[in-house]
2 protein chains.
Amino acid sequence: MARRSDHTRAELEELILAEGHALMAQTGYARFSAREVAKRIGYSIGTIYNVFGSLDRLLMRVNSRTFTLWTDTMRERLDAGAPDRIRVLVEGYFGFATANPNLWMAIYDHRIAPGEALPERYQAQRAELIGIIEAEIRRTLPAAHADRATPLARSLVATVHGHCMFALTGTFALLGETDPQGAALARVRESLAAAGG
Amino acid sequence: MARRSDHTRAELEELILAEGHALMAQTGYARFSAREVAKRIGYSIGTIYNVFGSLDRLLMRVNSRTFTLWTDTMRERLDAGAPDRIRVLVEGYFGFATANPNLWMAIYDHRIAPGEALPERYQAQRAELIGIIEAEIRRTLPAAHADRATPLARSLVATVHGHCMFALTGTFALLGETDPQGAALARVRESLAAAGG
DNA sequence: GCGTATAATTACACATCGTTCAATAAAATA
DNA sequence: TATTTTATTGAACGATGTGTAATTATACGC
């Protein structure tokens with residue numbers, strides 16, 4: 001088995017996380033297992049628990065990594081400089097989810113116990129992605145309606161999210177919808193227009 | 001243990017289904033277990049498998065029951081005769097999900113293997129709910145845009161679904177949104193207005 | 001370099017899960 | 001009543017998350 005000298009604690013943490021992320025991408029939330037991660041990196045199951053404490057916390061970290069990746073992707077796409085930035089946002093949302101269905105779905109498959117709040121760090125991640133979107137939406141609104149940007153951003157993310165979820169789970173295919181992304185973009189445009197954008 | 005004379009096959013099936021539905025409502029998808037259902041009705045785990053074949057099929061049936069309940073609720077609300085029928089639809093969607101969070105979420109937590117299609121019977125259920133919504137949307141559109149009703153219905157269901165999901169999973173609470181239902185209704189209204197409704 | 005204290009790692013145990021299936025009990029039939 | 005058919009059981013299997021005692025490797029003091 002692996003020796004202490006092989007990795008520092010931080011390196012081991014990163015190793016587990018990277019392999020966990022890969023496993024999640026490959027098998028999805030339902031088939032993810034800490035034991036499988038351990039097997040793949042050549043450590044025993046106990047080590048995973050020594051480093052992460054529980055499956056729950058490992059899942060949080062795996063999903064956190066996905067979220068970072070997602071946010072980075074969104075930023076890169078925006079920075080590419082396409083003129084239609086709203087389209088870039090919607091395509092960024094859909095594009096990441098479609099390219100990484102298991103990773104993206106895992107974010108929403110893993111539920112926190114209703115009582116407890118999401119740890120600060122993860123709340124901040126969520127807020128950051130919303131912040132990027134909100135900034136773009138604010139740009140499209142007239143100054144008189146700037147105060148609408150925050151609630152509208154949340155609501156439009158939910159709109160796109162719903163379309164994205166239906167696309168990935170096959171609900172749209174079942175109903176004969178062939179262009180979920182186009183539908184989402186159309187809805188977003190309509191709401192922005194209604195807000196004076 | 002229970003004897004054959006206690007129930008006909010159909011009654012036993014109904015007994016399992018009813019108890020399974022109750023368990024799902026109580027504990028949610030993640031904690032649902034066929035063994036627990038067996039324990040609660042006083043049969044052994046083997047009997048569950050004799051009747052339903054697999055956990056997967058039992059889950060389908062439980063979710064199917066939820067879907068029927070949901071559709072009935074929507075129809076009843078519409079039949080109550082409130083003038084603003086679009087509002088009734090959105091409130092029906094939210095109302096059922098909020099009143100039965102575990103049951104409603106289980107519908108979307110239980111995924112079919114990507115290859116296989118949902119059995120005919122369940123496809124029809126889905127189509128029926130969409131049909132009810134589509135009919136109402138068609139009524140709000142001018143005759144010239146009647147052809148938009150079908151894709152618009154699918155898209156607006158996704159819109160409301162996204163808001164509902166964010167509400168139940170706590171995403172909206174995290175972002176400070178206090179009226180997800182109101183936001184969903186506003187988005188629906190904007191899109192209907194854009195279509196000439 | 002040796003021995004000890006500290007940290008990392010493992011191996012095992014436990015309870016749970018879905019699933020299968022030979023054995024058993026009950027009912028139906030002849 | 002004897003026999004066949006059907007219903008039901010519960011033990012077995014492999015896998016899961018999760019603790020913890022035991023073991024091993026490293027670090028440190030001398």
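**Figure 1. Chain A is built from 10 helices and zero strands.** Helices (H or I, at least four residues) and strands (E, at least two) are DSSP runs, numbered from the N terminus. Read along the sequence, the pattern of chain A is α-α-α-α-α-α-α-α-α-α. This is a predicted model, in which local features need pLDDT of at least 70 and side-chain atom pairs count only at pLDDT 80 or more, while totals for chains, interfaces and linings use all residues. Residues are numbered from 1 along each chain as its sequence is written, and chains are lettered from A and ligands numbered from 1 in the order in which they are written. Along the principal axes, the C-alpha atoms of chain A fill a box of roughly 60 × 40 × 40 Å. Of its 197 residues, 31% count as buried, meaning that 20 or more other C-beta atoms, placed from the backbone, lie within 10 Å of the residue's own.

**Figure 2. Here helix 1 (residues 9-27) of chain A packs on helix 4 (residues 55-79) of chain A.** Their axes are 9 Å apart, at an angle of about 75°; axes are lines fitted to C-alpha atoms, for helices over the stretch in contact, and angles run from 0 to 180 degrees between N-to-C directions. The two helices are therefore roughly perpendicular to each other, the word used for 65 to 115 degrees. From helix 1 of chain A, look for L17(A), G20(A), H21(A) and M24(A), which meet L58(A), R61(A), V62(A) and R65(A) of helix 4 of chain A. Contact between two residues requires C-beta atoms, placed from the backbone, within 7 Å.

**Figure 3. Helix 4 of chain A also runs beside helix 7 of chain A, their axes coming within 10 Å.** The axes cross at roughly 20°, which makes the two helices roughly parallel, a term for angles under 35 degrees. Their crossing is left-handed: the near helix is turned anticlockwise from the far one by less than a right angle. Among the residues of helix 4 of chain A in this contact are F67(A), W70(A) and M74(A), and the helix 7 side includes Y122(A), L129(A) and I132(A).

**Figure 4. Helix 4 (residues 55-79) of chain B has 25 residues.** From its first C-alpha to its last it reaches 36 Å, close to the 36 Å expected at 1.5 Å a residue, where the expected span is 1.5 Å times one less than the number of residues. Its buried residues are L58(B), L59(B), V62(B), N63(B), T66(B), W70(B) and M74(B). These pack against helices 1, 2, 3, 5, 6 and 7 of chain B. Just after the helix, G81(B) takes a positive phi of about 90°.

**Figure 5. In chain B, the axes of helix 5 and helix 7 cross at roughly 155°.** These helices are therefore roughly antiparallel to each other, as angles over 145 degrees are called. R85(B), I86(B) and L89(B) of helix 5 of chain B make the contact with I133(B), E136(B) and T140(B) of helix 7 of chain B.

**Figure 6. Chains A and B meet here, with 27 residues of chain A in contact with 27 residues of chain B.** On the chain A side, helix 7 (120-140), helix 8 (149-169), helix 9 (171-175) and helix 10 (180-194) each supply at least two residues. Helix 8 of chain A gives the most, with 11 residues.

Definitions and conventions
A residue is buried if 20 or more other C-beta atoms lie within 10 Å of its own, exposed if 12 or fewer, and partly exposed in between; C-beta atoms are placed from the backbone.
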